[in-house]
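Subject: Structure handover

Hello,

Here is the structure we talked about. Please open it and keep it beside this email.

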Amino acid sequence: EDFRTCECPSLYPLPSPTPGFEDAYKFYESNGALPTHVHKTSCGGDWWQLGTYTPSGKGQLGSFKVTPGWEDLFEQKKIENGAFYASKDNEYPTLDGRKRRINWGWAMVHPDSTQTLPREITFNAEARTLEQAPIEELKALREDSVAQKSVIINPKSIIDLGVEPSVGRQSEIVATFQLPSHPATFGVKLGNISFPDQTVSTMMKGFDLPGGDYNNTKTVTAKACQKLCAKDEVCQSWTWLANDNTETSGDCYMKNSVPCPSEDGACISGAKVNTTVTTCKKIECTVEYPGPNLHAKFVNATVTCGTVQDVLRLLPGENKVEIRIFADWTMVEAYFQKGRVAMTLDFDLTKGSEYALVANESIPANATVYPLKNIWVSAEEVRNAPRVYK
């Protein structure tokens, strides 16, 4: 109970209902049964929990406890599993004067990190979860769509949306998939969609495996580095960087994943076991749908973007899933089901991005791709902008 101490804490009233799910929110609200506040912290990721806050006397800390009937929401839940940290929130008005809670985080991406898109936080009482959707104003960045398709994706096929790479690297895609009556996996592929999968063997001279480092130590040889990885349960691959272009001493970088190989004459690398990497120069943002279960309150589908994974809670009455992706040169933000799950990824799109729809079963889908305008403006433009918020 009460507050844990971490970085970037925030405590704010329960936000507005998620659009489309107002009835469940109002039902619980009328009975005084909703949680009253959200408590957010940053400790090895960003987390939030919902509970009942009771204020205390002046200058004293109130109490934050479980709300009866919402015990599961008092458990700390990660805001997202991607490259997202130290988020900040505040209350901002909408164009029509409505109050809303907006949150945005530190996107830990290349080259020097940045801020994520602002997200409106709402509470979906029916799905028993907070949601984080890109704010409505972001639609003003859209240019005319360059691709718009309504198709049936054949099993294990790829529907190329025909987007020029120079357009796709700064763009938005909104794709909607009809849920089938059986298990299926479907989603969006972006990047160099035709780039072949890469094989990482157990010993590769002249190759680096950039990323995934969790430990760095000195070893005399590459084989010694390989042996350290073999003994460590966390280690999935390694890179040995020779000192002074010799092979008698070097730095051993142990990795918790198997990154894409990159040619580098100073390095020797390898995976713990021979591994095929499918995410080199391309990623897939997919939903692994287990099929309907009309007797359950909800169905949990596994959602994945690149190496980031989470769980999307789907309700019995939902027959479609939306995947909305923003691509911006060195990063990707993906939103599943209008922000019920969000992900921030470090991904190099500087050479461009194509888009495709994928599925392992026959799935009806439609998708629209929008180029996005440049966000940079001068100080003078900001000062001269009309004040439109009430």
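Below is what was found in it.

This is a predicted model: local features need pLDDT of at least 70, side-chain atom pairs count only at pLDDT 80 or more, and totals for chains, interfaces and linings use all residues. Residues are numbered from 1 along each chain as its sequence is written, and side-chain values use heavy atoms, with hydrogens and water left out.

Start with the sheet. It is open and has six strands, in the order β11-β29-β13-β25-β26-β27. The pairing is antiparallel. (Strands are DSSP runs of E, at least two residues, numbered from the N terminus; two strands pair if DSSP finds at least two bridges between them.) β11 (147-153) and β27 (341-346) stand at the edges. Each has a single partner strand, so one side of each lacks a neighbour in the sheet. On average, neighbouring strands here are turned by 15° against each other, direction ignored. (Axes are lines fitted to C-alpha atoms, and angles run from 0 to 180 degrees between N-to-C directions.)

Now look at β11. Seven bridges link it to β29 (residues 363-371) in the antiparallel sense. Isoleucine 152 stands opposite proline 364 in β29.

Next, the backbone. Most residues other than glycine have a negative phi, and most peptide bonds are trans. Lysine 156 has a positive phi, near 60°. Lysine 156 sits in the loop between β11 and β12 (157-160) and is exposed, with a relative accessible area of 74%. (Exposed means over 50%, buried under 20%, partly exposed in between, with a 1.4 Å probe and protein chains only.)

The loop between β7 (99-107) and β8 (114-115) holds proline 111. A cis peptide bond joins histidine 110 to proline 111, with omega about 0°. Serine 113 is in the loop between β7 and β8, and its phi is positive, near 70°. Serine 113 is partly exposed, at 32% relative accessible area.

Best wishes

Key
Helix = DSSP H or I, 4+ residues; strand = E, 2+ residues; numbered from the N terminus.
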